[in-house]
Amino acid sequence: MRELDSTESIGDADTGLTTLIEMIEALSATRTINEVADVVRSAARRILGADGVAFVMRDKDQCWYVDEDAIGPLWKGKRFPMDQCVAGRAMKSGRVVICPDIYADPEVPHDAYRPTFVKSLVVAPVRPRDPIAAIGVYWARPYDPPPEVLRKLQVIARATASAIESGRLNDYLAASLEHGHFLLRELDHRVKNTLAIVQSITRQTLRTSPSAEDFADVFESRILALSQAHELLTRRAWGRPQLEEILQRTLATFADDFATRFDFHGPALAFNAETAVSVHMTIHELIANAARHGALSTPEGRVAITWSVDEATAPALLTLIWREQGGPQLSGQPSRRGFGSKMVHQGLARDLGGQAELDFTPTGLVFTLRAPISERMSLAA
C-alpha cells in the first residue's frame, strides 16, 4: 500500500474529460449529502472504469459508508472505526491511499474484504485539510491505477468537497432565513405584549392616581420596572431567569439600602420569559407598596421572602411567602385596592394558574402565592 499527496498534480491534462465535466456540473446542482453521494457513486465508477465506488462520510471517530455503486455488495449503511478502515486512514492522513493488491498488503483489514469482490483499491479523502469524507474506488482484480486515473479521482474529490461546502452554505442560508422569519414573528409578539402591558399600566395608573404629579411618579416607576425586566431577559437571551435574579434586579430600581433589608431563601426556580415579566412587576409593586406604606417605610422594617416546592404532590406545588416586619402597625384590610394591589393579588396567580392571598396582619403585610409547577416555571438545574 502506498500513499499519494492529495494536492499533488499527476500527469498532463486528459483530453477525454466530457464525463468528468458533466459530473462536476451535476455536483454543482446538489444541495444535500445524499444528492452528492448519488452523483459521486454512479459517475465516478464510469469515469474511473472501476468495478465499485463507495461514498464514505466521517462521523466523529467512525467511517460511515453512505452509498455505493458496485458489481456486488460492499458496506452501504455500515460504520467502522476510523483506525480499522482504509477510508479512515485516508481521512486521518489527508492523503490518497493506493493498494494494488489488498491481500498482499498486511495493513489492509482482510476480513472486511473477504465477503466482497474487491482485490485492489484507491481511496481519496474529500478535502485534504480536515477531510470530511472519502471516495473509495474498487476493482475485482489486482490493479495498479495509472496516473490519469488518480488525477481524475483527485478532481472528483475536490469537486465533491466544493459541492458539500456549497450544500452546507445553502443549508446555513436557509436556516438563517427561517431563523430571521422566526425572530421577526417573535419580535412582533413581544412588542405587542409589551404595548399591551404599557397600555394597561397607563389606564390603571391614571384611574387610581389622585393627581398628575402622583401619576407621573408611579407611572415612571412602573415603566422603569418593565424596562428592567426586559433588560434582564435580553441579557439572558430571553431564556429562563431565576427567581433570585429577578428579585435582585427589581431591588436595583429602589434605594440602595433596600437590598440589605431583604432575606431570600428557597430552591433555584426559573421562569419563562413572559412569566418572568409578570414576576418582576409583581415584586416591584410589593416593594413599592412596602416603601410607601409598609416595612420599608421605617428604618427598622425588613422583608423576608421564602419559597419552597412540594414535589410530593402531582403536579409539584410552589409556595412563595412575602412577609413584612418592623413597619407601621396595620389596622386590617384597606378600604380600596389600586392597580398595584390587583396586580399582586390577581395577575401573577392567574398567569401561573394558582392562587394568591394578601393578608394585612397587624405586624405587616403577608403575601402568599401557591401555584403548580408547569412549563411556565421549573426547578433550575
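Reply: What follows is a short exchange about this predicted model, from the overall content to individual residues.

Me: To begin, how many helices and strands does the protein chain have?

Reply: There are nine helices and 14 strands in the protein chain.

Me: And what percentage of the residues count as buried?

Reply: Buried residues make up 44% of the 381 in the protein chain. As for contacts with a separation of 6 or more, 63% are between residues 24 or more positions apart.

Me: Let us turn to aromatics. How many aromatic pairs does a search of the whole structure find?

Reply: The search returns seven aromatic pairs. One of them joins Tyr65 and Phe80, with 5.7 Å from centre to centre and 90 degrees between the planes, an edge-to-face arrangement.

Me: Where do Tyr65 and Phe80 lie?

Reply: Tyr65 belongs to strand S3 (residues 62-70) and Phe80 to strand S4 (residues 79-81), so their pairing ties together parts that are 15 residues apart in sequence.

Me: Is Tyr65 buried or exposed? And what is the relative accessible area of Phe80?

Reply: Tyr65 has a relative accessibility of 3% and therefore counts as buried. Phe80 has a relative accessible area of 21%, so this residue is partly exposed; the cut-off for buried is under 20%.

Me: Why is the pair of Trp75 and Tyr113 edge-to-face?

Reply: The planes of Trp75 and Tyr113 are at 80 degrees, with the ring centres 5.1 Å apart. The pair is edge-to-face because angles over 60 degrees count as such. Trp75 sits in the loop between S3 and S4, while Tyr113 is in helix H4 (residues 110-113), so this pair links distant parts of the chain, 38 residues apart.

Me: What about the accessibility of Trp75 and Tyr113?

Reply: Trp75 is buried at 6% relative accessibility, and Tyr113 is buried at 3%.

Me: Which residues do ring pairs link into a cluster?

Reply: The cluster consists of Tyr65, Trp75, Phe80, Tyr113 and Tyr138, linked by ring pairs.

Me: Which ring does Arg141 lie over?

Reply: Arg141 is placed over the face of Tyr143, 4.6 Å from the ring centre.

Me: Changing topic to the backbone: which residues does a cis peptide bond join?

Reply: Ala314 and Pro315 are joined by a cis peptide bond, with omega at about 0 degrees. Pro315 is located in the loop between strand S10 (302-310) and strand S11 (317-325). As background, most peptide bonds are trans, and most residues other than glycine have a negative phi.

Me: Next, helix packing. At what angle do the axes of H7 and H8 cross?

Reply: The axes of helix H7 (residues 243-251) and helix H8 (residues 273-292) cross at roughly 45 degrees and come within 9 Å. That angle makes H7 oblique to H8, and their crossing is right-handed.

Me: Which residues meet there?

Reply: On the H7 side, the residues include Leu243, Ile246 and Leu247, and they meet a set in H8 that includes Ala276, Val279 and His280.

Me: Finally, where is Arg350?

Reply: Arg350 is in helix H9 (residues 339-352) and counts as exposed at 59% relative accessibility. Its C-alpha atom is separated by 9.3 Å from that of Ala371, 21 residues apart along the chain.

Key: Residues numbered from 1 in each chain as written. Predicted model: local features only at pLDDT ≥ 70, side-chain atom pairs only at ≥ 80, totals over all residues. Heavy atoms only, no water. Phe/Tyr/Trp six-rings, centres within 6.5 Å; stacked < 30°, edge-to-face > 60°. Helix = DSSP H or I, 4+ residues; strand = E, 2+ residues; numbered from the N terminus. Buried < 20%, exposed > 50% of the residue type's maximum accessible area, 1.4 Å probe, protein only. Lys NZ or Arg CZ within 6 Å of the ring centre and 35° of its normal. Axes fitted to C-alpha atoms, helices over the stretch in contact; angles between N-to-C directions. Parallel < 35°, antiparallel > 145°, perpendicular 65-115°, else oblique. Left-handed = near helix turned anticlockwise from the far one by under 90°. Contact = heavy atoms within 4.5 Å.
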